[in-house]
Amino acid sequence: MDGKPARSVALTNFEKESIQHLCLLTMKPVIYVANVAESGLATPESNLHVKNIMELASQLQSSVVESELTELPTEERAEFLTSLGVDESGLGNLIRATYNLLGLRTYFTFEIKAWTIHAGMTTP
């Protein structure tokens, strides 16, 4: 009624089960991706726009991922990120955040095959 997404409302497990059949879009998890300038990769919190997105995401129980341009050749990316003091690319952060949000994991088999599974699943 206040115009807030359903995921930001505190509900008991019984209440969540009671409204599950409604398939509310605003109950779906959300990730906000902030595309920051190269100079701001090491400290994205210093950017006013990113700070506002982080506050909004926190209020709405969502995640934030900072993203950078991926125009560099693959071999230069690691060196570029290291020079900025960043451990992982924005795309890598986005993939990791999405997997965590959806409760997914990657299972590698002996034959070097990768399977996407739900967290907590047991292997066959």
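Modeller: Let us begin with helix α4, residues 90-102. This is a predicted model, in which local features need pLDDT of at least 70 and side-chain atom pairs count only at pLDDT 80 or more, while totals for chains, interfaces and linings use all residues. Residues are numbered from 1 along each chain as its sequence is written, and side-chain values use heavy atoms, with hydrogens and water left out.

Colleague: What distance does α4 reach from its first C-alpha to its last?

Modeller: Helices are DSSP runs of H or I with at least four residues, strands are runs of E with at least two, and both are numbered from the N terminus. The expected span of a helix is 1.5 Å times one less than its number of residues. Helix α4 has 13 residues, with an expected span of 18 Å, and the model is close to that, reaching 18 Å.

Colleague: Which residues of α4 are buried, and within what arc do they fall?

Modeller: Buried means under 20% relative accessible area, exposed over 50%, and partly exposed in between, with a 1.4 Å probe and protein chains only. In α4 the buried residues are G90, G92 and A97. The arc is taken from the directions from the helix axis to the C-beta atoms. Seen down the axis of α4, these residues line one face of the helix, because they fall within an arc of 155 degrees.

Colleague: Which residue follows α4, and what is its phi?

Modeller: The residue after α4 is G103. Its phi is positive, near 70 degrees.

Colleague: How many bridges join β3 to β4?

Modeller: Two strands pair if DSSP finds at least two bridges between them. Strands β3 (residues 104-108) and β4 (residues 114-118) run antiparallel. Across the pair, Y107 stands opposite W115, and R105 stands opposite I117. The number of bridges is five.

Colleague: Is R105 buried, partly exposed or exposed?

Modeller: R105 belongs to strand β3. Its C-alpha atom is separated by 5.7 Å from that of A119, 14 residues apart along the chain. With a relative accessible area of 39%, R105 is partly exposed.

Colleague: Which residue in the turn of the β3 and β4 hairpin has a positive phi?

Modeller: The hairpin has five residues between its strands.

Colleague: Where does C23 lie?

Modeller: C23 has a positive phi of about 50 degrees although it is not a glycine. At 58% relative accessibility, C23 counts as exposed. Its place is the loop between α1 (13-19) and β1 (31-35).

Colleague: Which residues line the largest pocket?

Modeller: By class, the lining has four nonpolar, one polar and three charged residues. The residues are K16, E17, I19, Q20, C23, L24, M27 and K28.

Colleague: In what order do the elements of the protein chain run?

Modeller: The secondary structure comes to four helices and four strands. From the N terminus on, the order is α-β-α-β-α-α-β-β.

Methods: 1 Å grid on protein atoms, 1.4 Å probe; cavity = no way out; pocket = protein on both sides within 12 Å on 5 of 7 lines; lining within 4 Å. Nonpolar A, V, L, I, M, F, W, Y, C, P; charged D, E, K, R; others polar.
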